[in-house]
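Okay, thanks for having me, everyone.

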Amino acid sequence: MRMKRSSLFAASALLQNVTASVGAEEIASLFEEASLDRQKFWAKQAECIEWFHPWQETLRWKAPYAEWFVEGKLNASYNCLDRHMKSETRYKTALIWEGERGENRSFTYEELFLEVNKFSNVLKNLGVKKGDRIAIYLPMIPEAVVAMLSSARIGAVHTVIFGGFSAEALKDRIVDAEAKILITADGAYRKGKVIPLKSTTDQALLDAPSIESVIVIENVSNKPLMKEGRDYWYADLMKEAKEYAAPEIMDAEDMLFILYTSGTTGKPKGIVHTTGGYLVGATMTTKLVFGSDPKDIYWCTADVGWITGHSYVVYGPLSNGMTQLIYEGAADFPERNRFWKLIEKHKVTILYTAPTAIRTFMKWGEEWPSSCDLSSLRLLGSVGEPINPEAWLWYYNHIGQAKCPIADTWWQTETGSIMVAPIASYTPLKPGSATFPLPGIEMAIIDDSGKEASSGYLVIKSPWPSMLRGIYNDPLRYKETYWKKWDGEYYFTGDGATKDDEGYFWLMGRVDDVINVSGHRLGTMEIESALVDYPLVAEAAVIAIAHPIKGQAVVAFVTLKDKALKEPFLEDALKEHVVVKIGSIARPEKIIFTADLPKTRSGKIMRRLLRDIAEGRVVGDVTTLADPQVMREIQLQYKEEND
Ligand code: PRX
């Protein structure tokens, strides 16, 4: 899908005009300061938030553990709310919410402050204490933001679980985090239908004994069952709550949240972020990448269930006092121009979305955006997966109307905030490249031996404030996943990348057993575990194949147990089983039933060879296989199923 480099340079020349250097000197000096003394640079950046007590040391680094802003005291909710009470921002709109059916609600910073204070008291009344974990399983409604900020306010640790995850996935995360409270809604709207979140919750809670209370927000009024003594309506609790809750004084290194993400084993990892460094990273990068025009109406389309929703819906924008839109619903409801109608109606100036969405819009056709007034837009953003140059140019021309720079932002749940991205008005763009690391971020591309190369593994060379502090309850996995490959010297991102002659970074996707479907991270082993959980399945191997819209799609190779026959219902039943175990984002595109899987003599499944078959390439070296003949059979089977 990649374009020839020559056409990229032609396009970039065009973009130099658009990104002419406003504030260029200031940005250049940021890069300069960071390269001269990185810690001094971060110490200065940390002034972008308010501290109750200053820190004593900028960084204490004992690889692979970092402590940033040592002994500094702060509160994240205070930074997103209370500090704005002292300025005109108090009366500014913080959130504009639109529901799928067109309803609107909005909150000024003062109103949000009040709601968060009251809800903080609700949580305290239910016995939540500093350090307790709170699970949040909500659609994109303002209460999701309120719940996260209230948790932060009282020093609890939130773990937000994407509303599209199944009961089983929800349960696993609650159990791992030992969450005490669950905040959910009666349901969510999606394409005109109601998704009954509360009944999914009830199912999950059959086996999650740590939960003491469930708080339910009425969103769709579908009258769910409420369990006496465990379940409470949000509105009832709020009626009785006092109006002010003092923010807890948090240490810079106190945990702010755990967010589960997929890795290379069957079990998702609880990525731990702490308060000080994370908030500095989210606040500083929001300002740097998206700018700080007080009149901006910013819209990040990510769900709060993902890291993008944490850093660039909640903490970054609110800490910067921005006005933002949040939307609960689908992009094609009631019609395929819903996003563009939202931009027109709310005069959105910054749109931050994912390449999968852009490719879907391309498929739907430019007549949908062109029928709406998008002239309010000034900046576009992209996140979550590599953006192919065709999609980049379509986004630039048809949404940005050839006047808005695109910030292609590379980062991860683990990095907490944007690492590689252009700075609008400063960095000349190249369609499909996330350009350069931000100031203060030292990245490199290296080969197996750890030497810098123009193509290879993407690594981060030195600690940064918003880096993960570990995997919840699993220090060994933290070391092995991110630090072992180069003996603690580099943080390994799991991505491959190349650098061109001008030093631009081109992100090439994952090089491990993690796949990226529509910008959602899934572990191949996680899906394999779901498949082998089905009684008739003996073994499964999952790979990703290139997909024109989703970026990647899941293909599963499955062998059945001895006597099991491949019944016609089985393919659908297995797909459904994966949905039940994980959620619809993991539904396999294709299931291929084979008699055997390619394994080495030590029993390791060679997914690489399966990828060769699925992508129609010449099959690689099979000499290490226990039985090379297996490949011929799988090839024939694959061909048969695809003809
Ligand atoms: O492979 C990279 C891809 O998404 C992975 C991180 O996924 P997650 O933790 O779910 O966070 C997604 C939102 C930040 C990365 O390892 N990725 C993310 N952004 C980009 C990207 N790949 C290419 N270009 C990007 N801009």
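So, which residues are closest to the ligand? They are Asp 408, Thr 409, Thr 413, Asp 495 and Arg 521, out of 17 residues that surround the ligand.

Before I go on, some housekeeping. This is a predicted model, where local features need pLDDT of at least 70 and side-chain atom pairs count only at pLDDT 80 or more, while totals for chains, interfaces and linings use all residues. Residues are numbered from 1 along each chain as its sequence is written, and side-chain values use heavy atoms, with hydrogens and water left out.

Back to the ligand. A polar backbone atom of Thr 409 is 2.7 Å from a ligand nitrogen. Thr 413 puts a polar side-chain atom 2.6 Å from a ligand oxygen, and Arg 510 has one 2.8 Å from an oxygen of the ligand. The ligand alone would expose 540 Å², and the protein buries 96% of that; those areas are Shrake-Rupley with a 1.4 Å probe.

Where does that shell come from? Helix H11 (307-319), strand S20 (406-409) and strand S25 (505-510) each supply at least two of its residues. Those names are DSSP runs, at least four residues of H or I for a helix and at least two of E for a strand, numbered from the N terminus.

Most residues other than glycine have a negative phi, and most peptide bonds are trans. Here we have a cis bond from Ala 63 to Pro 64, omega near 0 degrees, and Pro 64 sits in the loop between strands S1 (57-62) and S2 (65-70). Another cis bond runs from Phe 333 to Pro 334, with omega near -5 degrees; that proline is in the loop between strand S17 (323-328) and helix H12 (338-346).

Then the positive phi values. Lys 191, in the loop between strands S9 (188-190) and S10 (193-195), has phi near 50 degrees. Asp 487, between helix H16 (475-482) and strand S24 (491-499), has a phi of about 50 degrees.

Are they buried or exposed? Lys 191 is partly exposed at 48% relative accessible area, and Asp 487 is exposed at 75%. Buried would be under 20%, exposed is over 50%, and partly exposed is in between, using a 1.4 Å probe and protein chains only.

Terms used
Near = heavy atom within 4 Å. Polar contact = N/O pair within 3.5 Å; in protein donor to acceptor, adjacent residues only side chain to side chain.
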